[in-house]
Amino acid sequence: MGSFGRFKIVQRVKACCQRYPQLPETDSLYQFKGNVYPRQSDSSTLPLSNSDTRSSLSRFSLTRRCTRLLMGLILVCLFLFFSRTKATAPFRLQEQSLAKEHSLPPLYEEYHDYERHLPQHNLSLPFPEGRDAKFFWTANHVTISGWGNAMQELVMNAALSHVTKRTFVFDNFTWERDAPDYSTFNGKLIPSRIPLSAIISGPIIGSSFPPGDAAPRAVSREYFKKVCPNPTIIDSWVVNEHLRLDDNVPALEIFEKWVERLNSIDDPCVEIRQESYQLFEIWLFGSRRILSMWPILSKSPILTDFSWSPLIYQAYAENAHLFTPTSSSFGFLSSFIRPSGQQQTPTPLHDVHPVVKSKEMDTIPGLLALHIRRGDFAGHCSHLANWSSNWNGFNQVPTDGGWGVTTEANTNMYFKACFPTIEQIVEKVQNVLADQRRLYGSVKELKSIYVMTNGDVAWLQQLREALMQVKKWDAVVTSRDMKLSWEAKPVAQAVDMLIGQRAQVLIGNGFSSLTSNIVMLRMLMDIPSEDTRFW
């Protein structure tokens, strides 16, 4: 029976039972600091304490018709339970079946539910959590942007919250806030909102901070809305008005102004107005100004305890054999993520605790990762050339253009670094191979290539053939070759980022926020700078 059928049965049962409703509970009040508001029903998915999940006693009886419907629902649930427990097919066959069953992208209901029930969602906890907690919610966080842009802003907002000792309020990776479950991108359906626990783990989404760090754990937006119905709302303009576009103002200065502002507010509930500019905008990440934040970010547990999610690591483990020997691929992974003949039951994919921190991760010997953007990125590169833009994040490039104008030589330089041709890619790979031989001799020979890309299959085949002319690689694999599960496909960029992070050598796109995030994580791993290159 489909989920829609089960939903109809449940609704009919509820309709019968509503003839004998429970005693109303909304007349009780719950106090959170200065805010008084009606207590939610005990059936809330965000219990205020462990006891809140218990239903209050009431007189209750069922009609004969309602009893029959309830028994039918119980039988359906028993059938579904036993049919699941008997499943012993290998993981890949189960995923193939799941993909056929679901013609639509996943909505990650179990991940959302896991986030709703984090243990810190409890007002009875001691300080600095519970009813004494102080919150910071950036309702204006970026939307309709790729994961690279979203992650850059997410790290900065979380770091700001940590420095001010406020509880960071996290949200979904959001394409559209108010859209239905699905949006469209390049003519395809995508989830409008993806829970962060499907992509990352660590303090950003609710794991504990390291011992000795008294900062409160992050909470979900839903919980914040519940305990803070009347927050202090700030427009980012009050701090950023004269700072956001000034090239002489480093990101650190903006960051410190916000620390000062948040520390001056007594209200435990602070929200940034949704309609205002982001605190840390793309103009900041697209300039040298962001470099001033590295001393803080490199030591913050927001980054040092950052990890990809179990789902991302599992997707990596299922595909690592394509580009590296198995023996060098899984030593850093928890046993439940490593590939096996059978799916683990239950598989703990919903977990906010860091699986593997950057400092605990090693590189993949012999792997060269290439980040090659195609498709609509050509127009973006042309725009970058017209405005003589800097590299994204922790990179920079010299220019001979001006503000809003460019030269042919400048445009050619931008496209070589931003949208290289196959010939230019081959030339760069040859140069990197020569540099590696000069630096390390034959000790650190590059043997395989992984191409992080959105290029079409035909173009990638031409690229593969051209690269095989350079040397006899053990493998030349692209993002298009990956066999991803139904739930992993919408977050495939994060899988690419993990591979790029672990590659022995990376050739990235200096104008890409995705490359910038990979470079940031590689810096945390203390990978030599000469092993991180750009087109």
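Biologist: Which element gives the largest share of the lining of the largest cavity?

Modeller: Helix 5 does, with 5 residues. A cavity is a set of points on a 1 Å grid over the protein atoms alone where a 1.4 Å probe fits but cannot get out, and lining residues have an atom within 4 Å of a point. Helices (H or I, at least four residues) and strands (E, at least two) are DSSP runs, numbered from the N terminus.

Biologist: What am I looking at, and how are residues numbered?

Modeller: This is a predicted model in which local features need pLDDT of at least 70 and side-chain atom pairs count only at pLDDT 80 or more, while totals for chains, interfaces and linings use all residues. Residues are numbered from 1 along each chain as its sequence is written, and side-chain values use heavy atoms, with hydrogens and water left out.

Biologist: Which residues lie nearest the centre of the largest cavity?

Modeller: His141, Ala150, Glu153, Leu154 and Asn172, out of 17 lining residues. Two or more lining residues come from each of strand 3 (135-138), helix 5 (147-163), strand 4 (167-170) and strand 5 (173-174). By class, the lining has 10 nonpolar, 5 polar and 2 charged residues (nonpolar: Ala, Val, Leu, Ile, Met, Phe, Trp, Tyr, Cys and Pro; charged: Asp, Glu, Lys and Arg; polar: the others, Gly among them).

Biologist: At what angle do helix 12 and helix 17 pack?

Modeller: Helix 12 (residues 310-319) and helix 17 (residues 492-502) pack at about 70 degrees, their axes 9 Å apart (lines fitted to C-alpha atoms over the stretch in contact; angles from 0 to 180 degrees between N-to-C directions). The two are therefore roughly perpendicular (65 to 115 degrees; under 35 is roughly parallel, over 145 roughly antiparallel, the rest oblique). Ile312, Tyr313, Ala315 and Tyr316 of helix 12 are in contact with helix 17 through Ala494, Val495, Leu498, Ile499 and Arg502 (heavy atoms within 4.5 Å).

Technical notes
On a 1 Å grid over the protein atoms alone, a cavity is a set of points where a 1.4 Å probe fits but cannot get out, and a pocket is an open set with protein on both sides within 12 Å along at least five of seven lines; lining residues have an atom within 4 Å of a point.
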